[in-house]
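Please keep the structure in view while reading.

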Amino acid sequence: MTVAAKVFRARQSMGRTVRGSALVAQDGFSARYDLDRLAGIFSRPTHKLAGHSYVGKILILDTAKGGVASAWMLNEMTSRGVMPLALVFNSVNPILVQGAALADLPMLAGFDEDITAAIPSGAEVEVNPSMGVLTVLK
Amino acid sequence: MTSMTLNDEEQDILAGKSGPVARQALLHQLKVGEFFGAQDFVPVTQAHVMADTESLGEAGVRWLEGLAAAPEHQRLVRVPTITDPRGTDFAKAAFLGQNSAMLDLERRTISAFIRLGVAMTDTCINYQTIQAPTRNEHVAFGDTGVVIYSNSVCGARSNFEGGPSALAAGLTARTPRYGFHLPGQRRATLHVHVERTPASLNEWGALGGVIGRIAGNYWAVPAIEGIEAAPRSDELKHFGAAMASFGSVALFHLVGLTPEAGRLCDVAQAALPGHRVVRADIDALRNSYHSSGLVDVVVFSAPQLSLFELRDLADLCVGRRFAVPLLAVTSPQVKPDSDRLGYTSRIEEAGGTVLSGMCFYQSYAREIAEANGWKRLATNSVKLVNILGGYGYQPILASMEECVDVAVSGELA
């Protein structure tokens with residue numbers, strides 16, 4: 001099997017199908033704790049993606065961290081067009097699911113392997129929530 | 001079509017018989033419930049909405065105003081629904097360096113909430129000041145510190161409910177039955193033996209942060225042994241808030257102390273993954289936020305201070321004169337008692353400022369830092385030091401006593 005054909009099945013999913021470039025790290029995610037939401041970059045100095053732009057990227061991270069603000073912030077980021085294209089997690093907490101539901105952001109979570117180790121940053125991937133799958137395109 | 005089982009009332013709401021606001025709320029709840037595989041809804045008795053305007057932005061405020069524009073009989077919450085801290089204390093906004101655009105968003109948000117029937121309590125310590133939930137009471141609480149305290153110390157049942165979902169729960173009087181509403185989800189997933197009982201609020205916070213990092217995610221439930229005496233409410237407030245902040249944890253059990261964990265076997269199976277936390281682990285977290293040098297501002301917030309914390313702070317302020325700003329943030333319920341009992345005047349006579357109904361990190365922390373030249377910030381809140389790194393601050397963790405000394409000298413030795 002080539003890398004381009006690799007498919008990962010998620011147990012939890014929401015939203016529409018999108019394709020884009022993956023931005024991957026074995027780290028957590030909180031819109032309040034980790035991001036400069038105006039600049040569209042990870043701003044928390046200790047975050048593994050510090051300095052990286054998340055705008056238009058399919059973010060693939062380990063788990064949700066921090067507080068409840070992300071439930072509003074994803075919608076606010078989307079209203080300005082400064083948001084990721086989709087969110088993919090090994091595990092997710094309710095806040096990010098609630099936020100993705102309000103912001104209409106596609107989301108996948110719950111894989112049989114560590115999804116952050118399986119997908120390289122920069123890979124072209126498809127997130128298909130209706131099928132519950134993440135596909136590496138190239 | 002939904003995978004969740006709906007009763008007649010819920011089907012009527014979905015059909016629009018209660019109007020578009022309740023229908024929109026239920027549709028949002030269905031999305032979330034279906035994601036987590038909820039079978040049905042569970043009635044809730046209270047909702048607590050986090051909605052500071054930095055998080056809401058213009059988009060969120062307009063969304064709220066859209067709901068509030070519905071006819072009165074179609075827009076009101078169905079159960080007591082209260083608010084987390086606002087993004088300002090209007091009386092102190094100029095001191096904070098907040099601008100009119102921020103305050104305008106605040107006023108619009110408050111107006112919308114009032115039209116929805118929400119009570120503007122503006123507190124993240126509602127379990128100390130409004131009404132603590134009881135064991136097995138299903139609630140829909142926002143603010144991670146409120147949820148972890150209510151679940152763990154009170155034995156209530158709540159998930160983290162972000163602003164939109166908590167408001168939806170207020171509007172429908174229910175929430176999807178998943179996560180910590182289910183008894184099975186409340187069982188411990190890891191065992192932590194603590195070999196040091198903290199002696200100060202910041203040390204309780206540091207212990208919470210250490211365990212939060214070990215637990216690591218929302219679905220982890222630590223069962224903790226080794227705490228030597230019954231902690232006070234303020235100690236568990238800082239402990240839980242830090243654990244939730246560092247680990248996204250929503251429930252812990254203190255064996256022999258919290259209501260569901262009379263014995264370890266009440267909440268845990270044998271052979272859980274085990275961890276040992278010693279004093280060096282707590283010190284390592286504290287030291288990672290400890291650096292000497294000049295300090296720009298001292299802040300007590302996150303969570304809001306109880307009356308007892310304000311009393312302790314006021315006692316430390318007697319006869320002192322602050323060289324740098326000292327901010328103490330409390331709830332609108334506590335502030336009048338603090339005024340009446342003389343705590344506020346003792347703090348402010350030393351040069352400090354007591355703020356009400358806001359929270360420091362929910363009050364445009366980045367912008368007020370730039371307006372006031374605040375970068376190095378000292379606090380006794382482990383939750384606050386964890387958050388403020390992302391806002392460009394260099395946060396410093398110290399005890400309440402050390403923080404007051406820093407406010408006098410302007411530097412940490």
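Predicted model: local features only at pLDDT ≥ 70, side-chain atom pairs only at ≥ 80, totals over all residues.

Two strands are said to pair if DSSP finds at least two bridges between them. By that rule, strand β2 (residues 47-49) of chain B pairs with β3(B) in the parallel sense, over three bridges.

**Confidence in the model**
- The model has an ipTM of 0.94 and a pTM of 0.95.
- In chain B the average pLDDT is 97, and 100% of the residues score at least 70.

**The three-stranded sheet of chain B**
- Three strands of chain B, in the order β3-β2-β4, make up an open sheet with parallel pairing.
- The edges of this sheet are formed by β3 (81-83) and β4 (140-141) of chain B, each of which pairs on one side only.
- Within the pairing of β2(B) with β3(B), Val49(B) has Thr83(B) in β3(B) as its bridge partner.
- Helix α9(B) packs on the sheet, where it touches β2, β3 and β4 of chain B, and its direction makes about 145° with that of β2(B).

**The five-stranded sheet of chain B**
- Another open sheet of chain B has five strands in the order β13-β12-β11-β14-β15, again with parallel pairing.
- Because β13 (353-356) and β15 (394-397) of chain B stand at the edges and each has a single partner strand, one side of each is left without a neighbour in the sheet.
- Neighbouring strands of this sheet are turned against each other by 25° on average, direction ignored.
- Strand β12 (residues 326-330) of chain B runs parallel to β13(B) and is joined to it by four bridges, and Leu327(B) stands opposite Thr353(B) in β13(B).

- The axes of α3(B) and helix α6 (residues 100-115) of chain B lie 9 Å apart, and the two helices pack at an angle of about 35°.
- The crossing in which α3(B) passes α6(B) is left-handed.
- Among the residues that α3(B) brings to this contact are Leu56(B), Val61(B) and Leu64(B), while those of α6(B) include Met102(B), Leu105(B) and Ala112(B).
- Taken by type, the residues of this contact divide into seven nonpolar, two polar and four charged.

**Where the chains meet**
- The contact between the chains takes 31 residues from chain A and 29 residues from chain B.
- On the side of chain B that touches chain A, the elements giving two or more residues are α2 (20-35), α3 (53-68) and α9 (163-172) of chain B, and α3(B) gives the most, with five residues.
- That side of chain B divides into 11 nonpolar, 16 polar and two charged residues.

**Backbone features to look at**
- Most residues other than glycine have a negative phi, and most peptide bonds are trans.
- Asp104(A), in the loop between α3 (94-103) and β9 (107-109) of chain A, has a positive phi near 60°.
- Asp122(B), in the loop between α6 and α7 (126-129) of chain B, has a positive phi of about 55°.
- Are these two residues buried or exposed? Asp104(A) is partly exposed, with 13 other C-beta atoms within 10 Å, whereas Asp122(B) is buried, with 23 other C-beta atoms within 10 Å.
- The peptide bond from Ala302(B) to Pro303(B) is cis, with omega near 0°, and Pro303(B) lies in strand β11 (residues 297-305) of chain B.

Definitions and conventions. Residues numbered from 1 in each chain as written. Chains lettered and ligands numbered in written order. Contact = placed C-beta atoms within 7 Å. Nonpolar A, V, L, I, M, F, W, Y, C, P; charged D, E, K, R; others polar. Axes fitted to C-alpha atoms, helices over the stretch in contact; angles between N-to-C directions. Left-handed = near helix turned anticlockwise from the far one by under 90°. Buried ≥ 20, exposed ≤ 12 C-beta atoms within 10 Å, placed from the backbone. pLDDT = per-residue confidence, 0-100.
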